[in-house]
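Subject: Structure handover

Hello,

The structure is placed below for your use. My notes on what was found in it follow.

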Amino acid sequence: MTENSDIIKAVSKEKNNLQNMLKSIRNIEKLAEDPLDNLHKIKQDVVKIEKALKQSSLGEFVKEGVRDHIQPTKSKIPEWDEQFKRSFGQKLEDALKQEGFELRGHYPLLKVLFYTLEVRLENNNVILWYGPQQEKIETCKLLPEIVVQKLKKIILKSLSGILKINYSFQIYIKHIKWLFIRMRKQSEILYPFRKFSSGMPF
């Protein structure tokens, strides 16, 4: 009875494993139609398929056939990664410019004002840090509009605590610019031959 039970469990496990693998294969075919928007999900499904193959008792001939089937998609992932970086960076830069900010730095660490944005493609998220990764503020989705939205909230909260007043976001931007202009002038007086970089577009 125990032997039969073990066989049933093994067969059931193999069945579930094959169903999950088949689901991931179908997912990849559909997701690859729009690879940049679905890049993280494609990577996840590739990992699931490779894990399922290792756990499966399928013959090596069948396993090799599955690997060959997903290889064209898998081989494009590095190229899609680079395309995604360029697309995300450009969209983020444009969104920040609309709010009066300048995006600086290089992947995976981008900078806006006093903040560092750690872009993590493998986790599909961005970590917002104060300073050069000194203090972790929060983590958000890898979407330009979400990153800008989070930054605005952080800046508003920070400045409202300093100024003790409630202004619109654009008024806060004017305060920031005024602060950096003062810092720049002070820097020019104290260090006339040293260039002051504020990270602001003015």
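Helix 2 (residues 39–55) is 17 residues long and spans 25 Å from its first C-alpha to its last, close to the 24 Å expected at 1.5 Å a residue. That expected span is 1.5 Å times one less than the number of residues. Helices (H or I, at least four residues) and strands (E, at least two) are DSSP runs, numbered from the N terminus.

On provenance: this is a predicted model, in which local features need pLDDT of at least 70 and side-chain atom pairs count only at pLDDT 80 or more, while totals for chains, interfaces and linings use all residues. Residues are numbered from 1 along each chain as its sequence is written, and side-chain values use heavy atoms, with hydrogens and water left out.

The buried residues of helix 2 include Lys-43 and Asp-45 along with Leu-39, Ile-42 and Val-46. Buried means under 20% relative accessible area, exposed over 50%, and partly exposed in between (1.4 Å probe, protein chains only).

Lys-43 forms a salt bridge with Asp-81 (2.8 Å, N to O). The pair links distant parts of the chain, 38 residues apart, with Asp-81 in helix 3 (residues 60–98). Asp-81 and Lys-43 are both buried.

**Other salt bridges**

The structure holds seven salt bridges, a salt bridge being a side-chain nitrogen of Lys or Arg within 4 Å of a carboxyl oxygen of Asp or Glu. Another one joins Lys-85 to Glu-82 (3.5 Å, N to O). These two are separated by about one helical turn, because they are three residues apart in helix 3. Lys-85 counts as partly exposed at 23% relative accessibility, and Glu-82 is also partly exposed, at 40%.

Lys-150 and Glu-138 meet at 3.4 Å, N to O. Lys-150 lies in helix 4 (residues 144–163) and Glu-138 in strand 5, so this pair ties together parts that are 12 residues apart in sequence.

Five strands form an open sheet in the order 1-2-3-4-5, with antiparallel pairing. Two strands pair if DSSP finds at least two bridges between them. Strand 1 (104–106) and strand 5 (135–141) stand at the edges with a single partner strand each, so one side of each is left without a neighbour in the sheet.

Strand 2 (residues 109–112) and strand 3 (residues 115–120) pair over four bridges, and Leu-110 stands opposite Leu-117 in strand 3. The loop between these two strands holds Phe-114, which counts as partly exposed at 37% relative accessibility.

Regards
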